[in-house]
Amino acid sequence: MKRLFQVDEAEVIAGFLRNEFYEPDFDRDRAQFDSLVTSPDLKDAQQNALRRALLFRRRGHMWRELPPDTQWWRVQPDPEDIKRIRIFARAQWLWIGRGDFRAETIVRRIRKHEYPRRVESFVQKIQRIRGSITRSGDTGPVLLIGIDDLKPMVVLEGNHRVAAALLDSYDRFAGLNFFCGYSPNMAKSCWYRTNLPSLWRYLMNRLRNVHDREADVDRLLRESALPATPAPVSANEVGGSPWKQDSELLRARR
């Protein structure tokens, strides 16, 4: 795994939020925060705080499980790295992986139709997005997490895109934008290694954050008096918004 350069957490959050902003959870936010998401100013601390709060509305429980010392890097995988990349074992991936969640195993089973019929529609979604992934990397960042450059890495965000790209070719896979979060403590995260201690920590964090102050966008707006720039009505109400273009396809790209 080649580390290209280190990036701030704010940049990773901005990319993650843009990937998520089509979700129904953000329906009431798009008109007010469209420009904040689509044209982020990463040097603006108030904007960064708002993007973090918006993401935490949906993904705060996920982000808190990453170790505090996580460092984010823009990375470029080598062909050999594919053997170390794992899909996070959840939902329909469980039926395809059957205990082996290496990305190369998942892709091989999809190619050979070695999966139960109950996940056929899920596989078809992955097949449909193959053509939408270009080498320009305009599909949004894929987020990996790991301990170092030698141990396995897990896809935190972008499972579908990784599988779809690998179904096409290594070059298509290498054309994706990759951020990787490294920490010597990453094995404590349930997203990297699922076991009783990591799941217990996750449960405790969920209970402590029933009311998530970090996701309180209204509080941040009051404290910062940051003016929001509404998107044009035609973009969000008539159907011209990028968030309304084939929501099923966007959902599959995660």
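Me: In which handedness of crossing does H3 pass H10?

Reply: A crossing is left-handed if the near helix is turned anticlockwise from the far one by less than a right angle, and right-handed if clockwise. Here H3 passes H10 in a right-handed crossing. This is a predicted model, where local features need pLDDT of at least 70, side-chain atom pairs count only at pLDDT 80 or more, and totals for chains, interfaces and linings use all residues. Residues are numbered from 1 along each chain as its sequence is written, and side-chain values use heavy atoms, leaving out hydrogens and water.

Me: At what angle do the axes of H3 and H10 cross?

Reply: Axes are lines fitted to C-alpha atoms, for helices over the stretch in contact, with angles from 0 to 180 degrees between N-to-C directions. For H3 and H10 (residues 217–224) the angle is roughly 165°, and the axes come within 9 Å. Angles over 145 degrees count as roughly antiparallel, under 35 as roughly parallel, 65 to 115 as roughly perpendicular and the rest as oblique. H3 and H10 are therefore roughly antiparallel. Contact means heavy atoms within 4.5 Å; Leu50 and Ala53 are among the H3 residues that meet H10, whose side includes Leu220 and Leu221.

Me: How does H1 pack against H3?

Reply: H1 (residues 9–20) and H3 pack at about 70° with axes 9 Å apart, and so they are roughly perpendicular. Their crossing is left-handed.

Me: Where is the kink in H3 centred?

Reply: Helices are DSSP runs of H or I with at least four residues, and strands are runs of E with at least two, numbered from the N terminus. The bend at a residue is the angle between axes fitted to the seven residues ending there and the seven starting there. In H3 a kink of about 85° is centred on Arg57.
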